[in-house]
Structures are given as structure tokens and as C-alpha cells.
Amino acid sequence: MSKAKEAIISFDISKIELIYFYSKCTTIEKGLKLGDLEISSKPLVRWLGVFLDSKLIFKQYIEIRIFKVKAAFYLIRRLGNI
């Protein structure tokens, strides 16, 4: 964090997320400590609108997109019945 202060960069601490990418046979549960802040790892994070999981299989991302497409389809279908 001191390097960020020297470069006049600020971070929104509430938005910091940690994810480890690993193979199917390995799991990592360790967190990360930045100064006084302890950050625990998460199994799923959103980055630039894409949900990344720790094994990079995108299953949750696909499920979220399918749900949104179904919701849009049903809304359009309701408009057609009016």
C-alpha cells in the first residue's frame, strides 16, 4: 500500500476480491494480508461482467446467463400476448 501512496493511487478496499485458479485435484483456502486488511479467497468473483470460478469451467457464469436469457424471453413473450 505504501507504493500506491507514492504513486498517488487509491484503492476501494470494499471491492478487493481474491480468487485462486487451480486444477480439479487441488484446493487453496489461504487468504492474503495487505497491511491491516485480511482478504479471504472466494470460489467465484465477477470481473468485467464475467463470473470467474476457481477452476475456470464457467458453469456458474453459464447458469447466470441462461437465467437472464429466460427472463428476457418470458418478458418478450408476455408482450406478444397483449
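Of the 82 residues of the chain, 12% count as buried, where buried means under 20% relative accessible area, exposed over 50% and partly exposed in between, with a 1.4 Å probe and protein chains only. The accessible surface of the chain comes to about 7400 Å², and carbon and sulfur atoms hold 61% of that; these areas come from the Shrake-Rupley method with a 1.4 Å probe, and for residues only the protein chains shown count as cover.

This is a predicted model, in which local features need pLDDT of at least 70 and side-chain atom pairs count only at pLDDT 80 or more, while totals for chains, interfaces and linings use all residues. Residues are numbered from 1 along each chain as its sequence is written, and side-chain values use heavy atoms, with hydrogens and water left out.

The chain has 2 helices and 4 strands, arranged along the sequence as α-β-β-β-β-α. Helices (H or I, at least four residues) and strands (E, at least two) are DSSP runs, numbered from the N terminus.

Strand β3 (residues 44-47) runs antiparallel to β4, joined to it by 4 bridges; two strands pair if DSSP finds at least two bridges between them. Leu 44 stands opposite Asp 53 in β4. The hairpin of β3 and β4 has 2 residues between the strands, and Leu 48 there takes a positive phi near 55°.

Ser 54 counts as buried because its relative accessibility is 9%. Beyond its neighbours within four places in sequence, Ser 54 is in contact (heavy atoms within 4.5 Å) with Ile 19, Tyr 20, Phe 21, Tyr 22 and Pro 43.
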